[in-house]
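Me: I would like to learn how to read some features of a model. Please take them one at a time.

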Amino acid sequence: MCGLNLGLIVIMIGLVVETEIGESMRFELDSGKTKCIAEDIKANAMTVGKYSIVNPSEGQPFPDSHKLVVRVSSPKGNNYHLGDLVDSGTFAFTAAESGDYTTCFWANKHKPPVKMTIEFDWKSGAAAKDWSKVAKAGQVETMEIELKKLHDTVSAIHEEMFYLRERYETTIAVIIETNSKMATLSFFSLLLCLSVAGLQIWHLKSFFESKKLL
């Protein structure tokens, strides 16, 4: 049991660190194609995102072919952001429910086909706070800012561990309930097989007796 709990804590910390850091990436998208990215966010957590197409001709206006439709949606399908034919954008919101939030990028069809490079930065939890603004507004020392960051990160990890433990306990409860149903189903299946076998034996015995073979 101790080993199981230790393993669970290690998994939780790994997931929390990944969640708090968020995702910063660069990827390519062909015209006419779609790419979706999901982030597991817990309820009441702040999340911010920023995306932009890398200009193929630096210093020049974006070509008409380099436009995106970007949609951010909740686990229940509610829209939190919609960018229509844009080359960059940002979004920020507080999650109303826990689960996988999805950001989808659609590239319009174009002839000849083009390949776009997209930079995407998505942060949640303590990592989503703009500490530069906090420091500027409060005129606080660098050390104090670092301590505030650390405090928020630890608080977020603490909340996330409880959240993950609840999910773990819910999963265990579902597994136990499923095993119980499977055991009941197996028992009734065995009972049915025995009943059918008994009925077949009785039928054969009656048949042989009627033919006076027994």
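Me: Leaving aside its neighbours within four places in sequence, which residues is Ser74 in contact with?

Reply: Contact means heavy atoms within 4.5 Å. By that rule Ser74 is in contact with Tyr80, Glu97, Asp100 and Tyr101. This is a predicted model, in which local features need pLDDT of at least 70 and side-chain atom pairs count only at pLDDT 80 or more, while totals for chains, interfaces and linings use all residues. Residues are numbered from 1 along each chain as its sequence is written, and side-chain values use heavy atoms, with hydrogens and water left out.

Me: With which side chain does the side chain of Ser74 make a polar contact?

Reply: A polar contact is a pair of N or O atoms within 3.5 Å; within protein, one must be able to donate a hydrogen and the other to accept it, and residues adjacent in sequence count only if both atoms are side-chain atoms. Here the partner is the side chain of Glu97, at 3.3 Å.

Me: Does Ser74 count as buried or exposed?

Reply: Buried means under 20% relative accessible area, exposed over 50%, and partly exposed in between (1.4 Å probe, protein chains only). Ser74 counts as buried because its relative accessibility is 4%. Of the 214 residues of the protein, 27% count as buried.

Me: Where is the place of Ser74 among the elements?

Reply: Helices (H or I, at least four residues) and strands (E, at least two) are DSSP runs, numbered from the N terminus. Ser74 is in the loop between β4 and β5. The protein has 3 helices and 8 strands, running α-β-β-β-β-β-β-β-β-α-α from the N terminus on.

Me: How many bridges join β4 and β5?

Reply: Two strands pair if DSSP finds at least two bridges between them. Strand β4 (residues 68-73) and β5 pair in the antiparallel sense over 5 bridges. Within that pairing, Val72 has His81 in β5 as its bridge partner.

Me: In what order do the strands of the open sheet run?

Reply: The order is β2-β7-β4-β5, 4 strands with antiparallel pairing. Its edge strands, each pairing on one side only, are β2 (34-41) and β5 (79-86).

Me: What does His66 touch, not counting residues up to four places away in sequence?

Reply: His66 touches Ile53, Val54, Pro56, Asp87, Val114, Lys115 and Met116. Of these, Val114 is 48 residues from His66 in sequence, with 8.2 Å between them in space, C-alpha to C-alpha. His66 lies in the loop between β3 (46-53) and β4, and it counts as buried because its relative accessibility is 7%.
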